Structure formats: structure tokens, C-alpha cells
Amino acid sequence: MEKWKCTICGYIYDPAVGDTEHGINPGTKFENLPDDWVCPECGAPKDQFDRVGQPVG
Amino acid sequence: MKPIKLVENVYWVGAVDWSVRKFHGHTYTTARGTTYNAYLIVDDKVTLVDTVYGPFGNELVERISEIVSPEKIDYVIANHMETDHSGALPQIMKLCPKAKIYCTQKCKEGLYKNYYGNWDFQVVKTGDKLKLGKKTLTFIESPMLHWPDSMFSYLIEDALVLPNDAFGQHYASDKRFNDEVDVSEVMQEAVKYYANILWPFSSLVVKKIEEIQKLNIPIKIIAPSHGIIWRKDPTKIVNAYLSWAKNETKPKVVVVYETMWKSTEKMARKIVEGIVDSGVEVKLYDVNESDKTEVIGEMLDSKGYVIGSSTHDNSMLNNIAGFLEFFKGLKPKNRIGCVFGSCGWAGGAVREIEEIFKTAGIELVQTGLSVKYVPDENEIKKCYDFGKDFAEKVK
């Protein structure tokens with residue numbers, strides 16, 4: 001499963017780990033995160049994330 | 001200095017820091033000083049919005065005391081945890097230990113990790129309302145404008161926005177409002193503030209402003225936590241923010257260089273002549289003699305960047321390297337650039353800076369210009385043409 005990086009603060013969402021503090025179970029794909037999920041470090045919304053390994057716009 | 005009334009029962013009770021010249025450690029030069037703006041709302045509940053930098057705590061207490069005894073404070077709104085706004089919070093909380101602190105979850109965590117105070121925190125989210133009596137506050141979370149904890153407060157009945165650092169400027173003055181001062185000076189400081197602090201978060205700035213515009217709420221006054229309060233035409237600064245955040249530029253070039261034995265400087269001066277003769281606005285800075293906060297400010301509305309460095313130990317010189325490290329973190333978009341420099345033998349600086357441009361997303365529009373030792377007449381002509389060619393691409 002692909003990791004995604006927050007372009008604002010650099011946090012990496014790893015689906016294998018999830019975001020349990022905010023109710024996201026390990027194994028949850030980035031695409032399946034709720035629309036109102038935000039970066040747990042800086043609060044940036046989902047659309048500020050880029051797939052890791054992809055050129056940053 | 002007495003408290004200053006913004007509207008009925010709302011007062012500025014902050015402090016003017018006339019002499020501060022370095023901010024955030026050494027990352028920001030405050031050539032015109034700054035202010036720490038705190039606001040007091042007197043209603044059935046007495047509410048303090050933000051505090052000041054710690055060393056100015058006594059001034060804050062004195063100013064509050066001119067209106068009401070600080071023991072009477074019921075609520076403290078902490079829009080942002082950073083120490084220039086929360087430094088006097090422990091002093092205030094000693095005077096009114098039962099006051100409730102309203103802030104975001106991240107701000108609560110941050111304030112605790114700064115002061116370890118056993119205070120009554122009330123976490124708020126976007127849209128929450130706090131009734132003060134006749135007046136009502138509502139909150140809008142604004143993460144990364146400019147820290148994760150940041151939020152705006154809005155006093156509904158007075159159409160007063162209290163956005164903390166957003167729309168601020170480091171500008172010390174005996175006046176509080178934009179209709180009382182030379183507004184071009186204030187705008188210079190607003191540009192520097194945006195460029196050096198908020199530029200990396202531009203995509204979030206656009207979203208947040210559009211979110212607020214959609215709410216269709218009236219805005220009569222914008223009272224930030226630094227500098228002058230926008231009372232006359234407050235939408236002007238909002239529109240300026242939108243333009244900067246959308247990375248809108250004009251045909252303008254900023255040239256920054258570092259030189260060892262003045263060869264790179266000779267190149268820089270000739271490149272600038274080429275740009276000037278093409279009719280394009282240009283600013284030239286020797287990185288070691290310049291105020292870097294000002295240079296970054298000038299880069300905000302510029303389409304083109306030209307960077308030069310001599311080569312030392314196969315690399316660029318270390319002060320331009322430090323400058324570029326900072327610049328790269330600002331994540332500028334839709335800009336073009338080119339690189340030049342003098343070297344003795346194998347070179348290295350030009351290549352290295354070009355790599356930084358690529359990482360930063362600056363489009364390299366012409367091949368870097370390298371000269372061995374001192375540029376001769378032919379090479380000086382090349383520098384002039386280098387500037388002219390670049391200016392044409394900026395137009």
C-alpha cells in the first residue's frame with residue numbers, strides 16, 4: 001500500500017500504521033480516509049498530500 | 001500609553017516593542033520594530049484575546065487595569081500558542097486563576113508544553129460560539145496559518161476579525177489604525193511578513209480565505225496580533241493576501257549573489273544592466289550586505305530569480321547557501337530562474353544552485369553562466385546578454 005506525504009509539514013501517512021489516535025485503523029488506504037480527515041501533525045486537509053515517490057507539484 | 005478603543009467596549013491593551021530588531025531567533029529582521037496586540041472585550045463576561053511577549057507582561061496588566069481589574073477576567077482566548085502572544089499568559093493566569101482558556105486542541109497541547117500550567121482549558125472548533133453578554137465570539141480554526149494551533153476569532157456584533165498573526169506586520173508605531181499612518185510603509189511590512197512567514201502555506205491561505213468569503217459574514221475591522229489594525233478598507237489586505245497566495249507575479253527580477261574577489265559581483269552588475277535596458281524592474285542584492293528578510297519580501301511579487309555565487313571547495317559560498325536553504329522552504333510557485341558565477345578551476349556553485357532551483361520547482365530557463373577568474377570584455381558582454389535574455393522571458 002502506498003504512503004502519502006503532507007506537503008505542508010512532511011508527515012507521512014503509512015496505511016500499515018494508520019492513525020489510531022484519530023480512529024483510523026492500521027490497513028486503511030489513504031484513498032479510504034474520510035474526507036474530513038486532516039494531517040495529525042499540522043491539520044492540513046487531505047488534498048495537501050502527495051503520493052510518496054511522485055514528483056511534488 | 002492608554003488602552004485604545006476599537007469599537008464600543010473593545011480595547012487594544014497590547015504593547016509596542018520599538019527596539020526589537022531580530023525576531024524568531026535570527027530568522028526575521030524587524031527593521032521597524034513590532035507590536036504585540038492583545039484585545040480586551042468588556043461585557044457580562046470580561047474576555048482577553050491573546051496576550052503579549054513575556055517581557056511586556058507588566059504593560060499588558062497596566063493597560064487592562066485602566067479598564068477593569070485583571071482579576072475580573074473570565075475568559076482568555078488563545079488564538080495562537082507562540083511565545084510572542086502567550087509569553088504573558090502565566091502572569092495573567094496568576095491574576096485570574098479561574099479564567100477559562102479557549103483555544104484549539106493543538107494550542108492547548110502547545111501551551112501546556114510551553115508553560116506547564118494547570119489551567120482550565122476549553123477546546124473549541126470551527127463554528128463554536130461563546131456568548132459574552134451582548135457580544136458573541138465565534139471561532140474559525142486556521143491550521144498552518146501559521147502554526148497547527150492557529151485560529152481566528154470573530155466578534156459577531158462588531159464584525160471584528162481577530163486573526164492573530166494573519167494580516168499582521170512587524171511595525172512599531174504610536175498609532176494603531178491604518179487610516180492614521182503611512183500605509184505604504186505598513187504594506188512593505190505586510191509583504192515581508194507574508195513572504196517570510198506565510199508563503200509556504202499559500203495553498204491553505206487561498207482555501208481559508210475562500211472558506212470565510214463563502215460564509216458571507218461582514219468584516220468591518222481586521223485586528224491582527226502584530227502591527228497596525230486594518231480599519232479602513234479591510235478587504236484590501238485580504239485581496240492582497242489572495243494575490244500573494246495565488247503566487248501572482250509581475251515582470252520583475254531579483255538578483256542575489258555572493259562574491260569572493262568581486263568577479264561574481266562584476267557579472268551580477270552587468271546582468272542587472274541587461275535587465276534594466278530591457279525595461280524590466282530589477283533589484284540587486286549582495287547577500288552579505290543585505291537584509292535577508294527584505295530580499296525575500298522583494299521576491300514575493302517577482303517572476304524571475306537570478307542567483308550567483310563564486311565557487312569555493314567545489315561548492316557555492318556558505319552565506320548564499322544559507323539564504324537558498326531558507327528560500328527553498330518558502331515553496332515559491334510559477335517562477336523562472338537562472339544562475340551564474342565565477343570560479344578558478346572546476347567550478348561547482350552554478351551546478352549546485354541549479355539543483356536547488358530544480359528541487360524548489362523554479363523553472364531554469366537558460367543555461368547557467370560560468371566564468372573563469374575575472375570576466376574579460378567578451379564575457380562581460382555575455383553577462384549583459386544573459387540579463388537581457390532573461391528579462392525577455394520575464395516579460
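Let's start with one residue. His24(B) sits in the loop between β4 (22–23) and β5 (28–29) of chain B.

A word on the source. This is a predicted model, where local features need pLDDT of at least 70 and side-chain atom pairs count only at pLDDT 80 or more, while totals for chains, interfaces and linings use all residues. Residues are numbered from 1 along each chain as its sequence is written, chains are lettered from A and ligands numbered from 1 in the order in which they are written, and side-chain values use heavy atoms, with hydrogens and water left out.

Back to His24(B). Is His24(B) buried, partly exposed or exposed? It counts as partly exposed, because its relative accessibility is 32%. The cut-offs: buried is under 20% relative accessible area, exposed is over 50%, and partly exposed is in between, with a 1.4 Å probe and protein chains only. His24(B) touches Glu82(B) and Ile197(B), leaving aside residues up to four places away in sequence. Contact means heavy atoms within 4.5 Å. Asp84(B) is 60 residues away along the chain, and its C-alpha atom is 9.3 Å from that of His24(B).

Now the domains. Chain B has domain 1 (4–245) and domain 2 (250–394). These bounds come from an automatic or database domain assignment. Taken over C-alpha atoms, the centres of the two domains of chain B are 38 Å apart. Domain 1 of chain B brings 11 residues to the contact, and domain 2 of chain B brings 14.

How much area do domain 1 and domain 2 of chain B bury between them? About 1100 Å², with 68% of it on carbon and sulfur atoms. Buried area is the accessible area (1.4 Å probe) that two parts lose on being put together, summed over both. On the domain 1 side of chain B, Asn196(B), Trp199(B) and Pro200(B) lose the most, together 54% of what that side buries.

Between these two domains of chain B there are zero salt bridges. A salt bridge needs a side-chain nitrogen of Lys or Arg within 4 Å of a carboxyl oxygen of Asp or Glu. On the domain 1 side of chain B, α5(B) gives the most to the contact with domain 2, with five residues.

Next, a helix. Helix α9 (residues 292–299) of chain B is largely enclosed by the rest of the structure, because six of its eight residues are buried. Among them are Val295(B), Ile296(B) and Met299(B). The buried residues of α9(B) pack against several elements of chain B, including β5, α5 and α10 (318–328). Asp291(B) caps the N-terminal end of α9(B), with a side-chain oxygen 3.0 Å from the backbone nitrogen of Thr293(B).

Last, the other chain. 10 residues of chain A are in contact with 11 residues of chain B. Chain A and chain B bury about 770 Å² between them, and carbon and sulfur atoms give 52% of that. Ile8(A), Cys42(A) and Gln48(A) supply 51% of the area that chain A buries against chain B.

Which residues form a salt bridge here? Asp47(A) pairs with Lys207(B), and their closest N and O atoms are 2.4 Å apart. Across this interface of chain A and chain B, the count is one salt bridge.

Terms used:
Helices (H or I, at least four residues) and strands (E, at least two) are DSSP runs, numbered from the N terminus. A polar contact is a pair of N or O atoms within 3.5 Å; within protein, one must be able to donate a hydrogen and the other to accept it, and residues adjacent in sequence count only if both atoms are side-chain atoms.
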